[in-house]
Amino acid sequence: MNRTTVSAAGEPHEVYVDVLGPLRVRREATFLHLGPPKRQVILIRLLLEDGNAVSADELCEDVWAGRPPASALSSLHAHISRLRAVLEPRRHPHGKAEVLVSEPHGYALRIPPQARDAVRFDTAVSRAQVLLREGQGRAARRHVEDSLAMWRGAAISEARDYPFAARAAAQLEEGLLAAQELHVSALIHDGALQQAVSAAETLTSRHPLREVGWGLLMSALYLAGRHAHALERYEKLRRYLAEELGLAPGPALGALQEAILRHDVALVNRLLQCDAKGMQTGLTARERSHGHGPVPDLGRHRGWSESDRGTGVDPAVSGVQDDQRFTDRYLNRPAQLPADLGYFTGRRAELAQADELLRTALHSSTPTVGVIGGAPGIGKSAFAVHWAHRVAHHFPDGQLFANLRGFDIGGAVLEPAEALHGFLTALGTPAHNIPDGADSRAALYRSMLAGRRMLVVIDNAWDEEQVRPLLPGMPGSVVLVTSRNQLPGLVAAEGARVLTLGVPPLEELHEGMALRLGAARVSAEPRAVTELIELCARLPLALAIVAARATLHPHFSLASVVEDMRSTEGSLDAFAGTDVATDVRAAFSWSYRALSTGAGRLFRLLALHPCGDLRIAAAASLAGLPLGDTRALMRELLRTRMVVENDAGRYSLHDLLRVYATELVYCEDSGAERVAALRRMFEHYVRSAAAASCHFTHSREPVLPAPAAEGVTTEHFPALLQAMLWFSAERQNLKTLVKHATDTGFDEHARQLLRSMREYLSTKEDHPQAFAKSWTAGGLARDGLDTVDLAETYSDGGQRPLASALARCRRSIALFRELGAPRREAFAWENLAHVHYQLGEHEQAIRCYEAALGLLCDVADTEATVSALTRLADAYRAAGDPDQAQEAWSRALKLARSGPRGDQIQTVMRRALPTRRTAAHGKLKG
């Protein structure tokens, strides 16, 4: 069910509010960003009134915790306005609000009950109680498990420190506890006795004074054939109450103990059915109201007959062969998770993806494994621990945690055998019973996890082989692994789900900074906060370090922190922490030191590339390695998250990793090595651009660079389409490379790049302007050669519109004449002739071709002369003068036969053939 309102425009909006954990508001499937914490507290305060109005004065008093400032009322109105804009974005500014409404006595939040997760939770629990009373154990279990899955953490956590929310939070938590008790009862009713024992163990460990939990635990143990353990739990509670409170267990528990001593299964069942009459000592009215309903004769779940009861003999005991082997199995419920990060915020989409692991675990026939990946400092461990705390209540048998130290500064990797020793100890295995070998430990570990629901968090893993011995062998448990390395083996063999963390969105990082620095400080300098986030390249670890520094100096303005960071831009000094765990450079170094020598060198050299990304051929040229070797090294960098593959075949470095690589390349590689790498890189682009530009030339071939130097890889383009796609993808990079080449002293490479770019840009309408802009940006407008290239740009006769092309061609002729470059001037005349030809001005075209031929005769360029004569013949034929056309073709054919290119003969013959059939001379003279 959902919340549906209708705006003034008649458009429906579905709004849902979730408070069983951090506050969430969503419209359909989209989570809404509510803004700063104070605004969320206002929404919670209104939500707790169930649609009743709250006066503005009361809101100010409650939201500012009894100390509202003078500006509280105006701030409240501003927050209400912002909330309305979020909840009803399509509402007219002056239209009537439908969700957060104004009443004569204040404000009210109109959210239907079933649009709130707390109401849906109570509904599901109540339905489970009814089903349990009707004897439908499996259906009741399903409903109560669905209700428990709604919980994501502490209820209304944003307002827990406010007095107005304390009672509501306590009631919600009490409802959770009652539902957990109902869950145990449903498990017993469904015959899932081992799971019931585990769930009851969790209840008694967390709430040792609630006798309902102890009664459920004793009943589950007894009905599972573990009557000695049931009596032991009673004795444990009796001693605890006597020592701590001077009390004895209530009469209901005493009666249950007597029933277990006599093996009176009927009495045990009656006590479980006792609802409001049983086990009431020390319980609250709410606990009694959540009784567990009648339970059928559970003896049949163990195969007991009427003759077995009351005899003092439990035939099921002999069938539990492993009872002694794991005597302490349920006495130890590990809770090894590290403390949750108090400032964790955001990652809503990723948390929702991680929640899928829970749903998978419920229906999977194999253990469920998730892998959290991402670059160093991206927040993998914090995310895993936070998520684990959110879902811990779904794992009644406990949580295990191990840091495998795969990327540890000291290199002390935790071996699987050591991790297994820690797990087995946490599960209650005495040290003298833990086997020596890793395989034997893994086998015992899998046996102890069989039939249990455990959450296992494996942090900072190096590879699959370090993880596999720690995986359970049976379904029911969930394993969450974090690693900087990709772990494809776990995906292929164990069916692991992969969740890769990227840099968080800007709004989530703003929320995190507000938590760390305080909402007031952040809202006072929003622009400085945004600058800090961008200077940290949105890396969570870097932001945490900078925020900690700002917190230690609350009198510093955030703008001054930004200024201080800008003074160290280009290095990682601004992100140096007080210890290696909070130092960005140290975090990066753990991954860098784990690389092979070749991969480390490639990582360093990538920093010399000035652009955002590059192709594998460019990386190969930087390193001076064959493509195959470079691909293997790039795969290693990808596995360790040191580079990112943005698009198929394009690779980049995170901004701060680029800074780190730059520091390394200037420390570890000599100046000569850096210059050589730059030369190979520029030559790669020069040769690749020249190869691509060949597909754009028509009247002449481009001048190719000298043979490639050793270690340079050139892109190849078998067709025009591939050349165009390459230029399109590299266009911005080529402009950057031109400037970088001039900045680093590779002027000739810059010129050659621009010449090749000209051929591609000639297909664009803004060709001369774009070329001139790139030329000027490259800083190359300094000598006569620049004029040559600019003249060639203007001489492109294929420009549209044609009238504009005429002026450009004439400008290029003047420039080449001024430079004393007759061959280039001849080409410009040909281009001008071509434009006249396209305009139907054949006489002008003939004069231009004849001017070009006069210049070409002076430079003795046979190949170019043949081409010009052929085009002159075309112009004569178009002008209606076949005799002159025939003469021009004859001259062209004679020159072609004497020249080095035989293919020109066929070209001339094909062009002449139509006229030969109609020419007055009847045949072509040789």
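Ala514 is buried in this predicted model. Its relative accessible area is 12%, which falls below the 20% limit and therefore counts as buried. The residue sits in helix α19, which covers residues 506–517. Beyond its neighbours within four places in sequence, Ala514 is in contact with Ala519 and Val522. Thr345 is 169 residues away along the chain, and the two C-alpha atoms are separated by 10.0 Å.

Helix α19 also packs against helix α22, which spans residues 540–552. The two axes come within 10 Å. They cross at roughly 30°. The crossing is right-handed. On the α19 side, the contact is made by Leu509, Met513, Arg516 and Leu517. On the α22 side, it is made by Leu543, Ala544, Ala547, Ala550 and Thr551.

These elements belong to a protein chain with 39 helices and 14 strands. The chain has 926 residues, of which 52% count as buried. Among contacts with a separation of 6 or more, 68% join residues 24 or more positions apart.

Two further helix pairs were examined. Helix α37 (residues 862–878) and helix α38 (residues 882–898) cross at roughly 165°, and their axes come within 8 Å. The angle is over 145 degrees, so α37 is roughly antiparallel to α38. The crossing of this pair is left-handed. From α37, the contact is made by Thr862, Thr865, Val866, Leu869, Thr870, Ala873, Asp874, Tyr876 and Arg877. From α38, the residues are Gln884, Ala885, Ala888, Trp889, Arg891, Ala892, Leu895 and Ala896.

Helix α7 (residues 193–206) packs against helix α8 (residues 211–223) at an angle of about 155°. Their axes are 8 Å apart. The two helices are therefore roughly antiparallel to each other. Here α7 passes α8 in a left-handed crossing. The α7 side of the contact consists of Leu193, Ala196, Val197, Ala200, Glu201 and Thr204. The α8 side consists of Gly213, Trp214, Leu216, Leu217, Ala220, Leu221 and Leu223.

Helix α7 also takes part in covering helix α5. Helix α5 runs over residues 137–148 and has twelve residues. From its first C-alpha to its last, α5 reaches 16 Å, close to the 16 Å expected at 1.5 Å a residue. Its buried residues are Gly137, Ala139, Ala140, Arg141, Val144, Ser147 and Leu148. The cover over these residues includes α4 (117–133) and α6 (163–189) as well as α7.

Helix α35 covers residues 822–838 and has 17 residues. It reaches 24 Å between its first and last C-alpha, close to the 24 Å expected at 1.5 Å a residue. The buried residues of α35 are found along much of its numbering, including Glu825, Phe827, Trp829, Glu830, Asn831 and His836. Ala826, Ala828, Leu832, Ala833 and Val835 are also buried. After the helix comes Gly840, whose phi is positive, near 80°.

Arg650 lies in strand β14, residues 650–652. Its relative accessibility is 9%, so Arg650 counts as buried. One joins it to the side chain of Asp613, at 3.1 Å. A polar contact of 3.1 Å also joins the side chains of Arg650 and Glu730. Residues up to four places away in sequence aside, Arg650 touches Asp613, Leu614, Arg615, Val644, Glu645, Ala729, Glu730 and Asn733.

Positive phi values also occur at residues other than glycine. Asp50 has a positive phi of about 55°. It lies in the loop between α1 (37–47) and α2 (56–63). With a relative accessible area of 55%, Asp50 is exposed. Arg405 likewise has a positive phi, near 55°. Its place is the loop between β8 (399–403) and α15 (416–426). Arg405 is partly exposed, at a relative accessible area of 27%.

Technical notes:
Residues numbered from 1 in each chain as written. Predicted model: local features only at pLDDT ≥ 70, side-chain atom pairs only at ≥ 80, totals over all residues. Heavy atoms only, no water. Helix = DSSP H or I, 4+ residues; strand = E, 2+ residues; numbered from the N terminus. Expected span 1.5 Å × (residues − 1). Buried < 20%, exposed > 50% of the residue type's maximum accessible area, 1.4 Å probe, protein only. Contact = heavy atoms within 4.5 Å. Polar contact = N/O pair within 3.5 Å; in protein donor to acceptor, adjacent residues only side chain to side chain. Axes fitted to C-alpha atoms, helices over the stretch in contact; angles between N-to-C directions. Parallel < 35°, antiparallel > 145°, perpendicular 65-115°, else oblique. Left-handed = near helix turned anticlockwise from the far one by under 90°.
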